[in-house]
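Trainee: I have not looked at this structure before, and I would like to learn how to read it. Could we go through it feature by feature?

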Amino acid sequence: MSAALFSVFFHNYYGDHEAWVKLFTQQIRQPFILYYNIVEDSVYNIGDDQPLVSRLRESISGSFLKDIVLRRSPNQGKDIGGKLVLLDACLHEALPTPFSIFLHDKKSPYKIQGQQWKNRLFGIIEPDFIEKALSSFTRNDKLGIIAGSSDIRDEYDHSLKSFISTNRPQLQQFQTTFHINTTDYRYVAGTMFLARSSPLLDFFRKYPPLDIRKTLEKGNIMDETSGSNTHAWERMLCWLIFAQGYTIKGL
Amino acid sequence: MIYPVFFILEDFFPSVPDLPAGDDIHYSILVDPAVEGALDSAYALVERSGLPLSLTLNIRKSLSEDEIRSITSFLFIPGYLRVFDRRVINLAGENPRLLADSAKTLSGYLSGQGILEPLIQPVFPKLRSVEELTAHYRQLLLSDKFESDGNNTGIFFYPSSETLIRSAISSLEQVDRTLSQDSPGFYNLIGRNKTLSKELYAVQKIHALTAQELNNQRQYVDVLRSDHAANELQEYYTREYEILPLWFKRVGHIVKVFTGKRTLRSLFRDDVKKYKD
């Protein structure tokens with residue numbers, strides 16, 4: 001069995017698990033491990049896990065999917081909370097993969113363009129995109145993150161030296177608490193991107209994912225009118241990589 | 001089994017898939033969190049087990065932050081034992097105060113993770129022989145501590161071999177059979193009550209999750225109806241399209257015709273089909 005190249009971290013709220021696993025096995029043409037978090041207190045995810053685990057494991061044979069690591073967690077911190085549970089599981093593995101892919105079953109039912117946005121975000125697991133991303137990572141060893149170019153945002157106003165964001169207080173606090181020293185404040189809206197695993201895992205070995213997860217808000221959180229720790233961590237997931245000397249590229 | 005029994009696997013890890021399974025037969029791995037590597041070994045076992053497993057923690061001193069975090073990692077594994085959706089952690093040890101403090105510390109951390117009602121229970125008494133176990137089981141069934149809806153704390157048995165597990169289960173099933181022969185009405189009612197309690201729990205859960213989702217959907221509708229969404233769309237339209245020069249937009253419509261997105265006739269007439277499906 002060839003060693004996995006990618007760890008795919010996928011957070012699921014809306015169910016349809018077999019369809020998702022099928023999508024990943026069809027799209028990703030490099031050996032990968034699927035870390036899959038199911039929100040247990042979602043009406044879409046009622047059911048017994050054991051038959052599901054067996055069925056999903058059976059679907060592995062013959063594909064590039066080398067293993068499925070399933071987790072089940074309460075709805076806390078939305079997809080960020082789920083991804084932190086998965087990162088915690090990943091840290092228990094002896095041999096981490098060189099690259100990671102962050103995904104979740106984004107629906108954004110409160111956004112008019114939610115569906116278009118979701119389709120665009122999932123473009124990062126198109127075979128061509130992954131090929132180009134791998135090539136870019138190989139050419140530039142200081143490249144930490146690759147995402148769709150139209151999803152890379154920056155809320156920092158350099159003239160005001162402040163964030164134009166409802167999450168500003170949380171961002172400033174976390175930068176201090178977690179010693180995130182970066183002047184690059186770009187991030188990937190939607191939190192779906194490819195990353196080099198080493199800076200990410202180095203950070204979470206120092207600051208355990210579950211300790212961060214406990215500070216995230218419970219239930220359905222939106223930052224339309226006020227900020228949240230959860231949405232601040234959407235940004236921080238990129239910045240913690242930049243703070244270790246890496247940069248971002250849009251494809 | 002009428003009353004839940006926890007088989008605490010102490011000195012040996014039997015071949016888990018071969019262990020006898022059944023209603024209210026639970027398996028738990030005894031781990032001393034203070035022993036280096038003990039939690040890691042148990043983690044690998046729970047991860048790959050086909051049977052639900054729980055932890056029985058041998059508490060000799062206060063749990064450290066690292067230990068609490070490691071224990072929490074187990075609880076997200078789908079194969080970790082839950083009773084009525086409550087994750088089970090057994091605490092074994094000689095110092096009741098230390099056990100109570102450990103339970104409190106663990107509960108606090110788990111609550112921070114959204115795990116609101118873990119079933120953290122002290123292991124008492126520790127039963128080591130099949131005779132002791134059977135006598136205790138029989139006594140509990142006939143006592144006023146027995147809850148016929150199945151919401152009972154467990155009995156804790158430390159088997160020294162896989163053979164002893166099978167022997168214990170066989171012995172307890174004999175107690176159940178005796179009860180069913182001596183008091184068939186009572187025995188049937190217990191079974192019925194347990195089944196209905198499980199069904200009620202499942203329905204209550206679906207109800208609570210549906211109500212929660214309905215509330216989420218209300219919030220989404222509120223956001224969609226608010227000015228926010230309309231403004232977002234208007235700004236997007238203005239920035240992406242409206243600011244373009246008129247001649248460019250007109251050329252764009254011709255491009256649409258060439259790319260098959262718009263009908264040619266619609267460039268000249270308003271009463272024909274404009275866009276192709």
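Mentor: Let us begin with pairing: two strands pair if DSSP finds at least two bridges between them, and the strands themselves (E, at least two residues), like the helices (H or I, at least four), are DSSP runs numbered from the N terminus. Please keep in mind that this is a predicted model, in which local features need pLDDT of at least 70 and side-chain atom pairs count only at pLDDT 80 or more, while totals for chains, interfaces and linings use all residues. Residues are numbered from 1 along each chain as its sequence is written, chains are lettered from A and ligands numbered from 1 in the order in which they are written, and side-chain values use heavy atoms, with hydrogens and water left out.

Trainee: In which sense do strand S2 and S3 of chain A pair, and over how many bridges?

Mentor: In general, strands of a sheet pair through backbone hydrogen bonds, either parallel or antiparallel. Here strand S2 (residues 32-39) of chain A pairs with S3(A) in the parallel sense, over 8 bridges, and A:Ile33 has A:Asp67 in S3(A) as its bridge partner.

Trainee: What is the order of the strands in the open sheet of chain A?

Mentor: The sheet has 7 strands in the order S3-S2-S1-S4-S10-S5-S11, with mixed pairing. Strand S3 (65-73) and strand S11 (247-250) of chain A stand at the edges with a single partner strand each, so one side of each has no neighbour in the sheet. From one strand to the next, the twist averages 20°, where angles run from 0 to 180 degrees between N-to-C directions and axes are lines fitted to C-alpha atoms, for helices over the stretch in contact.

Trainee: Which strands does helix H3 of chain A lie across?

Mentor: For packing we speak of contact, which is heavy atoms within 4.5 Å. Helix H3 (residues 78-91) of chain A lies across strand S1 (6-12), S2, S3 and strand S4 (99-104) of that chain, running at about 140° to S1(A). Helix H5 (residues 127-139) of chain A also packs on the sheet, where it touches S1, S4, strand S5 (143-147), strand S10 (193-196) and S11, and its direction makes about 160° with that of S5(A).

Trainee: How do the axes of helix H7 and helix H9 of chain A cross?

Mentor: Angles under 35 degrees count as roughly parallel, over 145 as roughly antiparallel, 65 to 115 as roughly perpendicular and the rest as oblique. The axes of helix H7 (residues 197-206) and helix H9 (residues 229-242) of chain A come within 8 Å and cross at roughly 110°, which means that H7(A) is roughly perpendicular to H9(A). On the H7(A) side, A:Pro199, A:Leu200, A:Phe203 and A:Phe204 meet A:Trp233, A:Leu237, A:Leu240 and A:Ile241 of H9(A).

Trainee: Which residues have the most contacts inside the largest nonpolar core?

Mentor: A nonpolar core is a set of buried Ala, Val, Leu, Ile, Met, Phe, Trp, Tyr and Cys residues joined through side-chain atoms within 4.5 Å. The largest one has 100 residues, and those with the most contacts inside it are A:Trp233, A:Trp239, B:Tyr27, B:Ile89 and B:Tyr137. H9(A) gives the most to this core, with 9 residues. A second, separate core has 33 residues, including A:Phe10 and A:Phe99.

Trainee: Is A:Phe24 buried or exposed?

Mentor: A:Phe24, in helix H1 (residues 17-27) of chain A, is buried, with a relative accessible area of 0%. Leaving aside neighbours within four places in sequence, A:Phe24 is in contact with residues including A:Phe10, A:Leu34 and A:Phe122. By contrast, A:Asp16 counts as exposed, at 57% relative accessibility, and lies in the loop between S1 and H1 of chain A.

Methods
Buried means under 20% relative accessible area, exposed over 50%, partly exposed in between (1.4 Å probe, protein chains only).
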